[in-house]
Amino acid sequence: MRSASVQEAIGNRPQAGAVLSDASGFVPLTSVAASQWRALAERAAEPNGYYLPDWEMAVNASARGRTGVSALTAWGNAAPDNTAHLTGLLPVISMWRCYKIPLPALVSADPYGTLCTPLLDRDAAEHAVAGLMIQARKAGAHALILRDVSLDGAAMKAFTAASKQAGMHPLVLQSHVRACLDATRDAEEVLREALGSKKLKELRRQRNRLAEHGAISFDVARRPADVAPAVETFLQLEASGWKAKRGTALMQDDGDAGFVRRATHALAERGQCEIVTLRAGDTPVAAAIVLRHQDRAFYFKLGVDENFAKLSPGVQLTLDLTRHLCADPAIAMADSTASPDHPMINPIWRGRLAIGDVLIPLRPRDPVVSLIRAALGLRKLVREPARRLVHFIRK
């Protein structure tokens, strides 16, 4: 890499030789070359299955409320031929579109999964951050808002370091922890420690009762030819329960169903998607989509047949998935991507991953950043009572 210091790269008057985004670094997401994007994903300092090109481009094409996204990109020159290659990528939308707040900030785009960690080249992470910040500033933004990022991950460390060199610091707007699995451990040991012998005995009893409907099997679809029917099974199961009653099942919207079909097929061609299904005889009772990026798995969504609810089909599938992931030497950690208080996954996967929303100022001592922060705080203050009321009514 030919690069100046991060201070020079972020400064108001960039110096020659700094690794910057090119002149079109703030672009429609559809204009980012898939080959460059895939190459960056392979070199990413921190994995994010939801910002893999085959997933995010499918979301951007048809997912409800998530189309028409832009992207901040950063570029560097690679030796020996000095050709430009992508070193940073962050899909973004305006603050108005995200929060209905008319202030100049760009917000990480929702990839239909609760992780928006940017892709940064592991060999040039801080300079990639500098490039992304420059392009955001050129687009008229005064701040970046990173939603649902790993607070202790390599990407956030790069943003913190680059901001510090420019005399700024990120502001954590909200944070929580969610379940994750240390897949380097023995699965049976993990489950014993998490659930205890009494709970495991009860789950074995439920599994035996489930087996009265047919032999229990745990199937993993990896090849595109196998993923295509498996995703249909998943969609039907997800639409058969409470999600359908709330109108949030993927199959209830043609755009959402289309994105899932397209994304799972494309990712399966690259070994980055599995669909796991639990069956009692010929009857599927639970299914889930799992994304894979580098050494990490991402537990996207689960669908269950609620006719078997008393036998805990979702828990039974998650136990088998835990064994499956722990037996795979290519996977070191699995992110549940679940809510912080998820009643099913939290007792099983006892690891915790710190996730939060982070405000990244783009100029030192910028009063607009304080205004953005205050507006977000006021919005939360107004919405939180309403959110609690809806949650109470649903219960």
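Modeller: A salt bridge is a side-chain nitrogen of Lys or Arg within 4 Å of a carboxyl oxygen of Asp or Glu. The model discussed here is a predicted one.

Colleague: Why is the contact of R292 and D328 called a salt bridge?

Modeller: The side chains of R292 and D328 have an N to O distance of 2.7 Å. The cut-off is 4 Å, so the pair qualifies. R292 lies in strand 10, and D328 in the loop between helix 11 and strand 12, 36 residues apart. Both R292 and D328 are buried.

Colleague: What makes D335 and R178 a salt bridge, and are these residues buried or exposed?

Modeller: The closest N and O atoms of D335 and R178 are 2.9 Å apart, and the limit is 4 Å, so the pair is a salt bridge. D335, in strand 12, and R178, in strand 7, are 157 residues apart in the chain. Buried means under 20% relative accessible area. D335 has 0% and is therefore buried; R178, at 1%, is buried as well.

Colleague: How do you know that E238 and K243 form a salt bridge?

Modeller: Their closest N and O atoms are 3.5 Å apart, and the threshold is 4 Å, so the pair counts. E238 is buried because its relative accessibility is 3%, and K243 because its value is 13%. The whole structure holds 19 salt bridges; E188, R207, D320 and R323 are linked in a network of them.

Colleague: What makes the span of helix 8 agree with its number of residues?

Modeller: Helix 8 has 15 residues, which should span 21 Å at 1.5 Å a residue; the end C-alpha atoms are 21 Å apart, so the two agree. Among the buried residues of helix 8 are V227, F234 and E238. The buried residues of this helix pack against several elements, including strand 8, helix 9 and helix 10.

Colleague: Why is L381 called exposed?

Modeller: Exposed means over 50% relative accessible area. L381 has 63% and is therefore exposed.

Technical notes
Residues numbered from 1 in each chain as written. Predicted model: local features only at pLDDT ≥ 70, side-chain atom pairs only at ≥ 80, totals over all residues. Heavy atoms only, no water. Buried < 20%, exposed > 50% of the residue type's maximum accessible area, 1.4 Å probe, protein only. Helix = DSSP H or I, 4+ residues; strand = E, 2+ residues; numbered from the N terminus. Expected span 1.5 Å × (residues − 1). Contact = heavy atoms within 4.5 Å.
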